[in-house]
Amino acid sequence: MKAAQVGGSTRTIVTSAAVATAPLRRITPSDSPSSVATSPAPPVRGLDVTEREREVLVLVARGLSDAEIAQSLYVSLSTIKTHVSSLLTKLGARSRVHLVIAAYEARLV
């Protein structure tokens, strides 16, 4: 772990070989929803999630907030919160960070 100055606040950055080796791109508000939305993902072995949950998982892994995901998928914020909660339960994850790791390990991103 290391501390980094991000936009005026100090954040702790956790690096892992599984995550740190893949190139990441921060999605910005200037990205249009159509450029962020994903095409239908093929079934992933080991992840027992619905197609919509898979789409949400990919967008979580890309760093989008719940509000940004809701906008890009044209659904309500509460729907996205339900999907994220379901993903956390189904994948045995304790946080969004664990969801990102699961997405990378499943090669969804």
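Tutor: Gladly! The secondary structure of the chain comes to six helices and two strands. Keep in mind that this is a predicted model.

Student: In what order do those elements come along the sequence?

Tutor: The pattern along the chain is β-β-α-α-α-α-α-α.

Student: What makes Glu-53 buried or exposed?

Tutor: Glu-53 is found in helix α3, which covers residues 51-61. Buried means under 20% relative accessible area. Glu-53 has 5% relative accessibility, so it counts as buried. Leaving out residues up to four places away in sequence, Glu-53 touches His-83, Ser-86, Leu-87 and Lys-90.

Student: And how do you know whether His-83 is buried or exposed?

Tutor: The same cut-off applies: under 20% is buried. His-83 comes to 18% relative accessibility, and therefore it counts as buried. This residue lies in helix α5. Setting aside neighbours within four places in sequence, His-83 is in contact with Arg-52, Glu-53 and Val-56.

Student: Why is α3 described as largely enclosed by the rest of the structure?

Tutor: Because nine of the eleven residues of α3 are buried. The buried residues are Glu-53, Arg-54, Glu-55, Val-56, Leu-57, Val-58, Leu-59, Val-60 and Ala-61. Just after α3 comes Gly-63, with a positive phi of about 95°.

Student: Which residues of α6 are buried?

Tutor: In helix α6, residues 96-105, they are Leu-99, Val-100, Ala-102, Ala-103 and Tyr-104.

Student: Now the helix pairs. Why are α3 and α5 called roughly perpendicular?

Tutor: Two packed helices are described by the angle between their axes and the distance between the axes. For α3 and α5, the angle is about 90° and the axes are 10 Å apart. Angles of 65 to 115 degrees count as roughly perpendicular, and α3 and α5 are therefore roughly perpendicular to each other.

Student: Which residues make that contact between α3 and α5?

Tutor: From α3 come Arg-52, Glu-53, Val-56, Leu-57 and Val-60, while α5 brings Ile-80, His-83, Val-84, Ser-86, Leu-87, Lys-90 and Leu-91. By class, the contact of α3 with α5 has seven nonpolar, two polar and three charged residues.

Student: What makes α4 and α5 roughly perpendicular too?

Tutor: Helix α4 spans residues 66-73 and helix α5 spans residues 77-91; they pack at an angle of about 110°, with their axes 8 Å apart. The range for roughly perpendicular is 65 to 115 degrees, and so α4 and α5 take that label. The crossing of α4 and α5 is right-handed.

Student: Which residues of α4 and α5 meet?

Tutor: Asp-66, Ala-67, Ile-69, Ala-70 and Leu-73 in α4 meet Leu-77, Ile-80, Lys-81 and Val-84 in α5. By class, the contact of α4 with α5 has seven nonpolar, no polar and two charged residues.

Student: How do you know whether Tyr-74 is buried or exposed?

Tutor: Exposed means over 50% relative accessible area. Tyr-74 has 66%, so it is exposed.

Student: What can you tell me about Arg-107 and its phi?

Tutor: Arg-107 also has a positive phi, near 60°, in a residue other than glycine. Arg-107 lies in the segment after α6. Its relative accessibility is 73%, and with the line for exposed drawn at over 50%, Arg-107 therefore counts as exposed.

Student: Why is Ser-95 called partly exposed?

Tutor: Partly exposed is the range between buried, under 20%, and exposed, over 50%. Ser-95 has a relative accessible area of 26%, so it is partly exposed. Ser-95 is found in the loop between α5 and α6. Ser-95 and Ser-85 are ten residues apart in sequence and 9.5 Å apart in space, C-alpha to C-alpha.

How values were computed:
Residues numbered from 1 in each chain as written. Predicted model: local features only at pLDDT ≥ 70, side-chain atom pairs only at ≥ 80, totals over all residues. Heavy atoms only, no water. Axes fitted to C-alpha atoms, helices over the stretch in contact; angles between N-to-C directions. Helix = DSSP H or I, 4+ residues; strand = E, 2+ residues; numbered from the N terminus. Parallel < 35°, antiparallel > 145°, perpendicular 65-115°, else oblique. Left-handed = near helix turned anticlockwise from the far one by under 90°. Contact = heavy atoms within 4.5 Å. Nonpolar A, V, L, I, M, F, W, Y, C, P; charged D, E, K, R; others polar. Buried < 20%, exposed > 50% of the residue type's maximum accessible area, 1.4 Å probe, protein only.
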